Amino acid sequence: MPAISTNDFKTGIALALDNGLFTVVEFQHVKPGKGGAFVRSKLRNVRTGAVLDRTFNAGVKVEQAILDKRDMQFLYSDGTDYVFMDTDTYDQMTVPPTALGDAVDYLVESMVAMIATYNDEIVQVELPASVELEIGETEPGIQGDRVSGARKPATLVTGKVIQVPLFVVTGEKVKVETQITDYITRV
């Protein structure tokens with residue numbers, strides 16, 4: 001793995017540190033009046049999503065992790081695993097649900113996701129910011145219940161339960177924000 005200097009940090013760069021694989025969220029070079037310069041950084045654990053603050057001395061070498069990011073199209077679920085196809089080479093890859101994490105809640109056939117691998121291990125799945133999914137089941141809105149902003153639970157075809165406005169019915173397509181799992185609008 002290539003080693004880079006802390007002076008060469010850029011947002012989004014991946015680092016292989018002692019306690020895991022991290023991406024740089026933000027960084028700041030600090031040169032105090034006394035003492036040596038240092039780099040204050042916020043790092044996000046690629047596997048868990050936890051953010052930590054870490055300070056490095058300026059010029060220290062750290063291992064850069066090279067992530068292989070590819071656009072992969074979700075084909076189908078074979079019961080236990082999920083099958084993806086590389087959109088460039090048409091190679092198929094079987095992925096266990098544990099590697100996908102929360103992305104499983106939004107996957108529908110033909111959806112394209114960015115899959116990042118490190119040493120042939122899937123470390124990150126990036127979905128589009130919003131996806132269009134069909135409501136699989138929800139209770140009908142009660143006549144006369146017109147409280148401003150009232151919501152009810154609805155189950156998507158993927159099995160994920162979200163809160164939607166009272167006027168949304170079973171079978172409708174809705175746009176859902178994948179980062180915070182929130183209803184955006186009807187489609």
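User: Which residues does Asn45 touch, not counting residues up to four places away in sequence?
Analyst: Asn45 touches Leu21, Phe22 and Ala50, where contact means heavy atoms within 4.5 Å. This is a predicted model, so local features need pLDDT of at least 70, side-chain atom pairs count only at pLDDT 80 or more, and totals for chains, interfaces and linings use all residues. Residues are numbered from 1 along each chain as its sequence is written, and side-chain values use heavy atoms, with hydrogens and water left out.

User: Is Asn45 buried or exposed?
Analyst: Asn45 counts as buried because its relative accessibility is 14%. The cut-offs are under 20% relative accessible area for buried, over 50% for exposed and partly exposed in between, with a 1.4 Å probe and protein chains only.

User: And which element is Asn45 in?
Analyst: Asn45 sits in strand 4. Strands (E, at least two residues) and helices (H or I, at least four) are DSSP runs, numbered from the N terminus.

User: How does strand 4 pair with strand 3?
Analyst: Antiparallel, over eight bridges; two strands pair if DSSP finds at least two bridges between them. Val30 has Phe38 in strand 4 as its bridge partner.

User: What about strand 2 and strand 3, how many bridges there?
Analyst: Four, again in the antiparallel sense, between residues 14-17 and 20-30. A hairpin of two residues joins strand 2 to strand 3, and Leu15 has Phe22 as its bridge partner in strand 3. Phe22 also turned up above as a contact of Asn45.

User: Switching topic: what volume does the largest pocket have?
Analyst: About 700 Å³. On a 1 Å grid over the protein atoms alone, a pocket is an open set of points with protein on both sides within 12 Å along at least five of seven lines, and lining residues have an atom within 4 Å of a point. The volume is the space filled by probe spheres set on the points, which are joined across faces, edges and corners.

User: Which lining residues are closest to the centre of the largest pocket?
Analyst: Of 25 lining residues, those are Leu100, Asp102, Ala103, Gln124 and Val125. Strand 4 (38-45), helix 1 (97-100) and strand 11 (121-126) each give two or more residues to the lining, and strand 11 has the largest share with six.

User: Last one: where is Val60, and what does it touch beyond four places in sequence?
Analyst: Val60 is in the loop between strand 5 (51-57) and strand 6 (61-63). Val60 is in contact with Ile4, Ser5 and Thr6.

Note on methods: 1 Å grid on protein atoms, 1.4 Å probe; cavity = no way out; pocket = protein on both sides within 12 Å on 5 of 7 lines; lining within 4 Å.
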